[in-house]
Amino acid sequence: MESFHTSPTEVADIFALFANQYKREHKLPLQHSKAMFAIENCRTSVLGGHIDDCDSCSHKRISYNSCRNRHCPKCQGLNRIKWIDKLSSSLLPVRYFHIVFTIPSELNRLVLVNQKCLYDILFKAAAESLLMLAKDQKYLDAHTGLVAVLHTWGQNLMEHPHLHTIVPAGGWNETTQYWKASRKTFFIPVKVISAVFKGKFLSLLKQAYFNKQLKFEGEISSLQLKNNFKLLLDLLYGKQWVVYAKKPFQNATHIINYLGRYTHRVAISNQRIEGIDGDSIAFKWKDYKDHSKQKTMKLHAMEFIRRFLLHVLPKGFCKIRYYGIFASRNRKTVLTLCRKALGYRISKSKFTGLSWQESLQLISGINVHVCPVCKKGKMTTIAILKGYRGPPFFIK
């Protein structure tokens, strides 16, 4: 019988128990150390906080700061809701398609060593493929756009880089100066997208190789040799690349709420962790190869942490990007023309100008300034709790 703890287990608990051992056994990049430190100490006294006091019943409340690290399972809820609201106020009132771009698993090791470069290539190849084909007279003959979101993991926490994109069912025709709606099904055959995407990706990959933008370390060090790299390219050209088009959504609200589940998701949520048993971690996962059955996977703590850290993105890397009519340079020109043609007026995000406390209050409907005990008094901050401000890798 398994002896997993019945109390809720979080990624922070796993780091608290095993992070020191992992750091002793592995040389970590700064971004990984920072992420581990932030997640382990999120909403604890280590990061500081404040004390509020009720002016009526003298009830005191201690609130510790969130780490706000984008890889923390506890810090993405508010950001996700604000992103959904902001995008809802700017997208067009048309149907949308959900297109997923996946690269072959043979590239996983190369991607891991060259995250920023290869993820940039993935974004560029996918966006250019859709925009170029949409302009083709055979398909749409219009200037369309897309929102792209990077995911790097599968349900088992292993590498699985792929892009989720949303594409409107139509585009702006410059000749007629009007919005041109597409057919009900996606206006570009998936096999065509796949072939163009493969060609663009591999062309950009070759360019990066010859410009010496790629690093070759560990088990991929042999790819430094031109002949070995050519063999990899030949293998990739010979494979069929996967581009998946899901059924269209009827309006922007549906697709945004659906995509919102992907935008601010981290490699694994705390809800999926079942418990810690000695030096093993158990978590729930969907086995898509077995009819999406939900199963339990058990990993050694060191392997669990290794897999989690595979998905810590490079510093400053933008995982949500906008192209075509949704690109920032086109929002006041082409996108405005599209809105006028569709009779749609832009609305302001309800979170504009609000602090994070006010935003939280708007979402929850709870006034954080009212005493939760007497319901009459006003909660006022009487003390600031200073947290640790040094570099995380000095923390034991």
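Let me start with helix α2, where the buried residues (under 20% relative accessible area with a 1.4 Å probe, protein chains only; over 50% would be exposed, and partly exposed lies in between) are His-32, Ser-33, Ala-35, Met-36, Phe-37, Ala-38, Ile-39 and Asn-41. This is a predicted model, in which local features need pLDDT of at least 70 and side-chain atom pairs count only at pLDDT 80 or more, while totals for chains, interfaces and linings use all residues. Residues are numbered from 1 along each chain as its sequence is written, and side-chain values use heavy atoms, with hydrogens and water left out.

Helices here are DSSP runs of H or I with at least four residues, numbered from the N terminus. The buried residues of α2 pack against α1 (11-25) and α9 (301-309), where contact means heavy atoms within 4.5 Å. After α2 comes Arg-43, with a positive phi near 60°.

Turning to the aromatic rings, those of Phe, Tyr and Trp (its six-membered ring) pair if their centres lie within 6.5 Å, and planes under 30 degrees apart count as stacked, over 60 as edge-to-face and the rest as tilted. That rule gives 15 aromatic pairs. Phe-186 and Phe-187 form a tilted one, at 4.7 Å centre to centre with 35° between the planes, and both of these residues are buried. Phe-101, Phe-197, Phe-201 and Trp-241 make up one aromatic cluster.

Note on methods. Helices (H or I, at least four residues) and strands (E, at least two) are DSSP runs, numbered from the N terminus.
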